[in-house]
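Please look over the sequence and the structure shown below, and then read the short report that follows.

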Amino acid sequence: MATSRMVMATAAVSAGSLAFVMPSQSAKSTPSLRTSAASASVTSVSSVSGSTLGVGAAAISTVGLTMVRQGRRAAAPRQAVGVCLPLTEKFDPLELGNTDAKMDRYTQVEIKHGRVAMIATMGYIMPEIFRFPGCEAFKHGLGAFESIPVEGWVQLVALVGAHEVLVKPREGGLGAYDFGLGTELLDGIDAEELERKQTSERNNGRLAMIAIMGLMVQDGMFGEPPLTYMSKNGWWGEPVQFFVQHINNCQSFDGSLIQNGSICALPSRIGRTQLRAVQKLSEGPYVETETYPKEMEMSAAVPFLRYPQVLKGWVGEEKGFDPLGVTDALPVYWVREAELKHGRICMLATVGWIATDMGFRFPGDKFQSVSNAFEAHDKMVEAGYMLPFLGAIGTFELYSLWLLFKGWEQEVNRDAGDFFLGKQFLPKEPEKEKDMRLKELENGRLAMFAFSGIVTQAAITGKTWPFM
């Protein structure tokens, strides 16, 4: 069954490889979306759409996407549509579009495949959220080939065929891809904006062709649509024992598995990944394993992912936020230590950056000569202050690393991120103390985003905070 699904997926997407050709260099003087009546009279590319099978039915709602009225288009000489950075000219290393006729053909193919792929990609996603009444029992993705009845296929083929035969490009339009629908949305825009919209359609279609191929391949490999699979098995998917179960190190001479964590690649417990949050390979008090009830508890922060059970008992547990499954691979103690440290540093950095840009300085000419926070690092390097600064930070880091291992190994009574400073300011009531710790955690998370944004904005604009 998996082989047949993969064959169907390959057949459905193979024609998309023709689409990755960009307009020819001649388009720099002649618009790539031509307005001549001759090009407009070219019939729709029915030979290409046949390879898309049932996915092609989705093209009905997008084949009418067009760019602009004839009059405005004819008066707008522009660069080649579809060429954007990092490319500065057409990408056609095999010279497939070495004539205007060939380039017209490939342009039609690219736009049509892109439109079909965009709808097909949404068709993979939307059934996870919404289904039409009466269609609840139908599978989606490659499963549609099995679950749609014969009469359904007859309707799909008839509808697509009718469109291919009866719907023609509009007279005097932009080309064989212009079916005369949607042009009113582009009335009144200038030539530059028109070119941007045309290029956006091309780029979105190219991305969608890659996306639908990836979705189909994963669907064929794992037997269900990727989003359905992810909602059941988490971001990283189910365990990967089937990759390693036949490695010789995991077998004795009679073929039975050896339960020896020091040499066997096969873990003795079930999890989403092989790499687990452990101090030793297969035993010890620091193994963090997740057990899941029959009724799967979902994350409040990411509702389509399961709740990471190892977060139970930690501050912020009610959020259940671990979309990448980091706590599958690392102990929560380590992850929380790093999160708190980065958050605290970024809170200080954000305040320090804003204060510097507002004019606050330490006494001394070397500090007073710094014009803004962005150049402060280079100025301090020139002044010779960075080496002792890094030495002081390194000393503190060695101490914090020692505390981390002592606390993790439970040799000292220490929570993650606890440096035994300021604890006297915490409320005495347990609930209020937990709330205060949660505020620190969330403020730190916000500060990490804030500082990243501040640095980026300062580098791009060359201005000081608030960058106005």
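## An exposed proline

Pro303 counts as exposed because its relative accessibility is 54%, where exposed means over 50% relative accessible area, buried under 20% and partly exposed in between, with a 1.4 Å probe and protein chains only. Pro303 belongs to the loop between helix H10 (241-244) and helix H11 (326-329), helices being DSSP runs of H or I of at least four residues and strands runs of E of at least two, numbered from the N terminus. From Pro303 to Phe321 the separation is 18 residues in sequence and 9.7 Å in space, C-alpha to C-alpha.

## Basis of the model

This is a predicted model, in which local features need pLDDT of at least 70 and side-chain atom pairs count only at pLDDT 80 or more, while totals for chains, interfaces and linings use all residues. Residues are numbered from 1 along each chain as its sequence is written, and side-chain values use heavy atoms, with hydrogens and water left out.

## The chain as a whole

The protein chain contains 16 helices and zero strands, and 37% of its 468 residues count as buried. When contacts (heavy atoms within 4.5 Å) between residues at least 6 apart in sequence are considered, 66% join residues at least 24 apart.

## Helices H5 and H8

Helix H5 (residues 100-125) packs against helix H8 (residues 191-222) at an angle of about 50°, their axes lying 7 Å apart; the axes are lines fitted to C-alpha atoms over the stretch in contact, and angles run from 0 to 180 degrees between N-to-C directions.
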